[in-house]
Amino acid sequence: MSAQHSAQHPDPARLCHAAAARLAADADPDRLADRFATVSRRHRLAAGRLWIERVPAGLALTRRDAELARPLPAGGPDLRAVLLRHDDGTDLVLVARRHAIGRHRLGTLLTELTALTDPALTDSAPTDPAHTSAADSPAVELSSGDDAGDAGWLRGDPGVDRTAVHTVAVPTGTDLSALVAAVGAVLARYRGVRRPRVGAVVGERLTVVAVPVDGGARDLLATAGPGSPWPAPGTPAQAGLLDVEVGALDADSTADTYRPCLAPVWPLTLALAGSTLTCHHRTAGWAADLVEAFARQVVRVLGQVVADPDRTLDDCDPLGDADRAAIVALGRGPGELPAPKDTIHDRIARHAATHPDAPAVSCAGERLTYGELDDRARRVARALAARGVAPGDRVGVCLDRSVDLVAVLLGVLRAGAAYVPVDPAYPVDRIRYTVEDSTVALLVGAGGVDAADLTGAGPPADRLGAGPSAEGSGPAEPHVGGPDDPAYVIYTSGSTGRPKGVRVPHRNVLALVDATAADFGLGPHDTWTMFHSSAFDFSVWEIWGCLLTGGHLVVVPHLVVRSPGEFHALLAAERVTVLNQTPSAFAQLLDVDRRAADPLAVRLVVFGGEPLDARMLTGWYDRHPEPDCRVVNMFGITETTVHVTAQTLDRGLALAGSRSVGRALPGWRVYVLDPVGRLLPPGAAGEIHVGGAGVADGYLHRPELTAERFRPDPFSGGRMYRSGDRGRLLPDGRLEHLGRLDNQVKVRGYRIELDEIRQVLLDDPAAFAVAVVVETGAEAADTRLHAYVVLADAAGSVAELRRRAARLLPDYMVPATITALPALPLTANGKLDAARLPAPATATAAPASAPADDAGLDERIRAIWQRVLGAEVGPEDNFFDLGGNSLLALRLLRELRDQGLADLTPRHLYLHQTVRGLAEAIGAAR
C-alpha cells in the first residue's frame, strides 16, 4: 500500500489500541458482565456487551494475543470487551478506537472493571474524555521530518506488512524528557540531522519538539507548545511525522499488557511500561534485527542521559565497542587476500610462456596470440628504454583503439614505468594539460606518431613534458619492478577546475582480479570486450581482468562503440562471454538485442561507472535467463581501483528496483560514516569510505588533496578513501548507493565535477558569473548539462563561449546549452538558487509542427531533429553544437528508421552533422 493511500484510507488496526489484565481463575463472569454494563453507562459508551468465551488452557496465550491484535470493524462501537476463561485464570481484553477512548481513559476503564471491590459507580458522573495529565499518561512519539518520505531507511520484508514485537529493559529513572532525548539522539545519527523532530504525547495530545543534539536532556519538554488531539479515522497523517511512538498506560493501571496500536501507525512503535520498552514494528518498514539494534542503542543513550541529564546529546554514544566491531566486520569483504608479490606484466608473461598460441588481443581483423603480445610488449619496453624512459617514469599513451594500444600499455609496464592513458578524441588543450601535469617522460602517439614508432624501427616518439631525449638500443631485458610500483595514472574530473591524476600500483590491480576471478569463473575460456576508453578506469578492469586470467580481449573500434547495432553484431560474431557496460550504454544495447536474431554467448554482464536502475533488466532476463547469464552490479571509484562491491542481480531484485551494490570484495572494506567521521549503524545513511586492497596511492602532485581524501583507517589500519558518495549498509553487509554528497554527477558513465565545467567557462574573460546544472530524464540520453552565464560584456557571444569550452573539455562535459542571464538568482544566504533558473535557452523553442505529407526530405529530417533536441534547428545547425550526444544520436537514428527515411549508423551522423548534409547523404544513397 502506498503512503498516500494509507494516509487517506487508514488501516483500522492502526487507529485502535488494546490492553489486557489477568484476573483470578474464579472471577465471576456474570458479575463482570454487570460491571461492564455499569461502567459503559457511566462513561457513556455504546460498547455492546461483554463477550465471554471458555478456551483450553493450552490455547489461552494464543487467544489472548489474537484478541489484542483484532481491530474494531469500521462503523461499529468504539470499545470491545472480551473475557477469556481458562484453567490458569481469566483474561480481560479491551480494544478501543484511540481517537474516542484515549490512553488515560482506557487505563481507567480497565482499572474500574478489574477492581476487587465495587467502586462507587453512578450513571451521572461521566469521566471527562478530554482529561489529560503528564503524570497520568507519559508518552512520546518521535520522528525526523527532515527526511519525510524515506520510509525505507531501515528495510524489512518488502512484500508482507506484519507486526512483530521486541522487548528490552530500560534504566531506572527514565522519564519522559530522557526518553525523548535518547530516541532523538539516535534518530539524529540515522537521519543525519541536527534537530530531529519528536512528537511527545502527553495524555491524549501530541506536541512536536525539535530535539537539539547540541543540548542536554534536562527539561526538554518544558518548552513544548500545546498539542493537538489524536486524529480521527479518515484524517490524513501528517507528512513527515511520526516514525516512532513511545507510550504507556497510567502507572497505577491494572493492565499487564498494552498495545498502543494494533498495527503501528508508523513503521516503529516503542511502548514504555515501567522499566520495559516494547518495540512493535511493521515488518515492511523495519527489519527485526534493526529494531533490536535500534532499541539497544536507545537504551544505551538512555543510560548516559539518566546518569547526566546535562550531557550534550551529540556526545552520547549509541554504539558500544562490540557494536562497532560488528559493524566493521559487516563491511569487510569475505576472506582476506594474500598480498601480491609480482606485477601485472610478470603474470601475463608467465601465461604467454605456457600458452603462447592462445588468442590474446584482437581488433578489426588483426589478432595477436599471447606469445605475439608478449614479444611486441618486450620490443616496446626496449624501445622506451632506448628513448630514455627509466623505471618509475610515466609514459603518456595517446593511441586509437587497436591491438597496438594494448601492446604499448603492457610494454610501458615491462619498462618499469606507469602509463598515463590519454584519449585521442579529447580536445588538444586537455591532452596537453594531462601530459604536462603528469610530467611524462614520453608521449606515445602525439604529432602523428603511432604505435609502429615503438614496435618497429620508426622515428622516436614526440615528447611533451619532462624527460631528456635519448637514443640507443636500451637494455636487453628492461626493469621488472615490484607490486608496489605505480602501474598507471588516470585523470578524473576535479572540483578545482582541473582534472586530477590518480596513482594506482600493480598490487591493487592484481588484488582486484584475485578477488573476483574465482567467484566470476574467469579464465582462458572467456572472451571480453574492451568497450571503454583507456582513459576511463573501467578499461583497467576490461584489459587486465581479461589478460590476467588468460582470456581473449576484443578491442572495440571507436565508431562501433557508438553504434549499438554494430556492437551487438560484434558480440555475436566474436562469441563474447564477459561484457562490461555502463547502464547508459547497456540501455541502447538492450533495444538492439530485443530485435536481433543472432543469439549472444554472454554469460557474465558487469555494470559499473554509474547508478543502475535494475528494472531495466527484466527484458534482458527474458532472452538471457539467470542460469545462462549472470548479471552483477558493482560500485567503485577510480581512487579505489575500479570496483569495491558486487551484487549479483536476479529477476526479483530487478522488479523491486534494488539499489544494492552488494558486499565488499574480498580484501576491500566499506564504512559508512557521519560528517565527523563516526561509524554509523546499519540502516543509517552517511558518506561511504573505502579501505583495504584497492585504495590508490593518492593524487599526483596534490599532497593537500591526497591528505584530505585519503585518510588513516581507524578501524582496521592502513588507509581509507573518503568517497563523497552517500550510502548505507544493510544488516546483511550489502551496501546501498544513494548518490553523491557533493557537486559531482555521472553523465554517460563518466564522473563529472560540475565545478570543473564552471571553472573552464569562468576562465573565459567573456564570462562574469557561471552556474552549471544537470538535467536528468527518464532515459540516460535525456541527462544533459546546462550552463548559465552572466556575460562581462553585453556584446559577448554565447556561441564563442561554447566553442571555447568544446576545445578544452571532452564532449561528454560540454554543456548542451549555455543561457545568458543578466544575473544569477541567489538565495537569502547568497548561494545559487537553482530552482529559480529559467528553462535553458534552446529548450524553450517551440517544437516544429508535423511536416506535410509532401514535405521534402530535409524538412522531415529537421522535424525529427527538433523533437529529439527540443530546440529550433536550422538546415546548417550542427547536431552536436545544439547539445546532441551519442545517446541522442541513437534516438535520432531510430526515429529516422521508424519513419522509413533511412537506416543509418552513427557513423553517418558523425560524417554529416547538419540537416542539409544528412539529407544530401540520404538522397545520394537513394
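Five strands make up an open sheet, and their order is β2-β3-β4-β1-β11, with mixed pairing. At the edges are β2 and β11, the latter covering residues 257-259, and each of these pairs on one side only. Going from one strand to the next, the twist averages 15°. Please keep in mind that this is a predicted model.

Look at the β2 end of that order. β2 and β3 run in the parallel sense and share 5 bridges.

Now the charged side chains. Side chains of opposite charge can pair when their charged atoms come close. How many salt bridges does the structure hold? The count is 41. I will go through a few of them.

One is between R54 and D87, where the closest N and O atoms are 2.6 Å apart.

Another joins R64 to D91, with 2.8 Å between the closest N and O atoms. Here R64 belongs to helix α3, residues 60-69, and D91 to strand β4, so the pair connects parts 27 residues apart in sequence. R64 and D91 are both buried.

The next example is R507 with D697, and here the closest N and O atoms are 3.1 Å apart. Which parts of the chain does this pair tie together? R507 is in helix α13 (506-520), and D697 is in the loop between β29 (686-692) and β30 (698-699), so parts 190 residues apart in sequence are tied together. R507 is partly exposed, and its relative accessible area is 25%.

Salt bridges can also be linked to one another in this model. D374, D375, R378, R379 and R414 form a network of them.

Back to α13, the helix that holds R507. It has 15 residues, and the distance from its first C-alpha to its last is 21 Å, close to the 21 Å expected at 1.5 Å a residue. How much of α13 is covered? Most of it, since 11 of its 15 residues are buried. Among the buried ones are H506, N508, V509, L510 and F520. Just after the helix comes G521, which takes a positive phi of about 65°.

Last topic: empty space inside. Rolling a probe the size of a water molecule over the atoms shows where empty space is left. A search of the whole structure turns up 2 cavities of 30 Å³ or more. The largest cavity contains about 80 Å³ of space.

Which residues line the largest cavity? They are P421, V422, Y426, R430, T434, I490, Y491, P499 and A535. Helix α11 (428-438) and strand β19 (486-492) each supply at least two residues of that lining.

To recap: we saw an open sheet of 5 strands, a total of 41 salt bridges, a mostly covered helix α13, and 2 cavities of 30 Å³ or more. That is the end of my part.

Key:
Residues are numbered from 1 along each chain as its sequence is written. This is a predicted model: local features need pLDDT of at least 70, side-chain atom pairs count only at pLDDT 80 or more; totals for chains, interfaces and linings use all residues. Side-chain values use heavy atoms; hydrogens and water are left out. A salt bridge is a side-chain nitrogen of Lys or Arg within 4 Å of a carboxyl oxygen of Asp or Glu. Helices (H or I, at least four residues) and strands (E, at least two) are DSSP runs, numbered from the N terminus. Buried means under 20% relative accessible area, exposed over 50%, partly exposed in between (1.4 Å probe, protein chains only). Two strands pair if DSSP finds at least two bridges between them. Axes are lines fitted to C-alpha atoms, for helices over the stretch in contact, and angles run from 0 to 180 degrees between N-to-C directions. The expected span of a helix is 1.5 Å times one less than its number of residues. On a 1 Å grid over the protein atoms alone, a cavity is a set of points where a 1.4 Å probe fits but cannot get out, and a pocket is an open set with protein on both sides within 12 Å along at least five of seven lines; lining residues have an atom within 4 Å of a point. Grid points are joined across faces, edges and corners, and a volume is the space filled by probe spheres set on the points.
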